[in-house]
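Reader: I'd like to go through this model with you. Can we start with the surface and work inwards?

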Amino acid sequence: MHETGFASNAGQEGVGFYQVTQRDGRRCSVARAYIYDRARPNLQAIADATVLRLTFDGKRASGVEIVRGGRTETLEARAEVVLAAGAFNSPQLLMCSGIGPAAHLQSLGIAVLHDAPEVGQNLIDHVDFTINKRVSSIEPTGFSVRGIARMLPQFVTFIRDGRGMLSSNVAEAGGFLKSRPTLERPDLQLHFCAAIVDDHNRHMHWGHGYSLHVCVLRPHSRGAVTLASADARTAPVIDPRFFSDARDLDLLVDGVKMARRILDAPSLALHGGTELYTHAGQSDAELRRTIAEHADTIYHPVATCRMGGDAGSVVDPQLRVRGVTGLRIVDASVMTTLIGGNTNSPTVMIGERAADLIAASRRDGPTVLKTTQVGAGGMAANAA
Ligand SMILES: Cc1cc2nc3c(=O)[nH]c(=O)nc-3n(C[C@H](O)[C@H](O)[C@H](O)COP(=O)(O)OP(=O)(O)OC[C@H]3O[C@@H](n4cnc5c(N)ncnc54)[C@H](O)[C@@H]3O)c2cc1C
């Protein structure tokens, strides 16, 4: 699901339908919109490779070492390397390449090229709790014999016209709420799904229902991405440290109570239903425990390679990695803090801005002959 949030207006508070990044009823990813559907003679996309590390000539980024088809090879950059591996893998690749907290790198036997204590730190994400309601009606999307039978004509409509239930982004509607009326701006976000969504759908349920996600819009907790191994093929250790700041759990408890009032409104209450993990009679302490147990990401990790004007930031305002040359980061990891909304469009905006910066540096500064891309997301910058 890739909805982009509400059309901008001065006041964010309110509810409505989300805008979506779709074409012909299907999700249009950034890779599709910017790379695969826009063939350019000066852009070659390699999708079946994993970047192992960035290579350097002294302190100048010179390319990337990749592995594909079991073979390791080095791609040389003639001008700049643009790293766009996302909030988890961009810090991982920096660290695997010797840029990061010196003691941590040394503990894994990685030679330190540049001691950058904040690489991988400041991880911020939207922690979310989902109220799931199972209902007897088959109106919402779900699994039942009648429900599956109803989907068959929908399947035809979707394939033929790109329309109908199967073109739904599922999280169709939502809202931004203030937990207290005196707040200047909303501190909670809702995503309403016309389906049960339990543990990111790892836990599937027979039957039908709907869910209301409640997330802490401007969290105080900060996590970190560290290395488990010097080999980039091993997943990094991602510790969001949700609720390490107690204010986030307090707010989520209030948010769930507010969301429940919405679900109890006559228009939704007429569908009846029972909550999966929570129920109306729960004490605050019980509700807290359930939320702490089930809350999880709603997929908006940012800020692990924070941009800033200060020496401690990982990238400067031109998105250039401090301490080395010839290397920019262009993805959600450069956000200074988590925006109050969904992160996809802001990341596209970062890519567009980076394209302008790179084009300007080619015009005004050192010549950029070619950029080498990493990954398949947030690629706008690489077309410069
Ligand atoms: C399940 C899910 C649902 C989401 N729903 C929404 C939504 O509805 N609305 C919204 O606004 N946002 C949503 N988001 C968030 C949004 O997708 C991200 O904010 C955005 O994609 C971040 O872009 P990015 O370029 O920073 O990272 P990514 O999009 O993650 O791109 C990084 C790319 O680098 C590649 N990569 C990483 N490491 C390597 C390596 N070593 N070698 C080669 N390639 C590598 C990855 O494969 C990936 O293609 C969702 C995210 C997820 C995971």
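**Surface, rings and salt bridges**

Author: Phe143 is found in strand S13 (residues 142–143); strands (E, at least two residues) and helices (H or I, at least four) are DSSP runs, numbered from the N terminus. The model is predicted, so local features need pLDDT of at least 70 and side-chain atom pairs count only at pLDDT 80 or more, while totals for chains, interfaces and linings use all residues. Residues are numbered from 1 along each chain as its sequence is written, and side-chain values use heavy atoms, with hydrogens and water left out.

Reader: Is Phe143 buried, exposed or partly exposed?

Author: Phe143 is partly exposed, at a relative accessible area of 37%. Buried means under 20%, exposed over 50%, and partly exposed in between (1.4 Å probe, protein chains only).

Reader: Which residues form the nonpolar patch on the surface?

Author: Phe143, Val145, Ile148, Met204 and Trp206 make up that patch, and together they have about 550 Å² of accessible area. Areas come from the Shrake-Rupley method with a 1.4 Å probe, and for residues only the protein chains shown count as cover. Patch residues have over 30% relative accessible area and no salt bridge; nonpolar side chains (Val, Leu, Ile, Met, Phe, Trp, Tyr) are joined within 5 Å, like charges within 9 Å.

Reader: Rings next. How many aromatic pairs?

Author: The count comes to one aromatic pair. In Phe192 and Tyr210 the ring centres are 5.6 Å apart and the planes stand at 40°, so the pair is tilted. Rings of Phe, Tyr and Trp (its six-membered ring) pair if their centres lie within 6.5 Å; planes under 30 degrees apart are stacked, over 60 edge-to-face, and the rest tilted.

Reader: Where do Phe192 and Tyr210 lie?

Author: Phe192 is in strand S15 (residues 188–193) and Tyr210 in strand S16 (residues 207–216), so the pair ties together parts 18 residues apart in sequence. Phe192 is partly exposed at 22%, whereas Tyr210 is buried at 3%.

Reader: What is in the loop between S15 and S16?

Author: His200 is found there. His200 is not a glycine, yet has a positive phi of about 55°. Phe243 also has a positive phi, near 65°, and is found in the loop between strand S18 (237–239) and helix H5 (246–263).

Reader: Switching to strand S9. Which way do its side chains point?

Author: From S9 (residues 80–83), Glu80 and Val82 point one way and Val81 and Leu83 the other, and all are buried. S9 runs parallel to strand S21 (residues 327–329), with three bridges joining them; strands pair if DSSP finds at least two bridges between them. Val81 has Leu327 as its bridge partner in S21.

Reader: And what forms a salt bridge with Glu80?

Author: Arg328 does, with the closest N and O atoms 2.6 Å apart. Arg328 lies in S21 and Glu80 in S9, so the pair ties together parts 248 residues apart in sequence. Both Arg328 and Glu80 are buried.

Reader: How many salt bridges in the whole structure?

Author: There are 17, each a side-chain nitrogen of Lys or Arg within 4 Å of a carboxyl oxygen of Asp or Glu. One of them joins Asp250 and Arg288 (3.0 Å, N to O). That pair links helix H5 to helix H7 (residues 284–294), 38 residues apart. Asp250 is partly exposed at 36%, and Arg288 is partly exposed at 32%.
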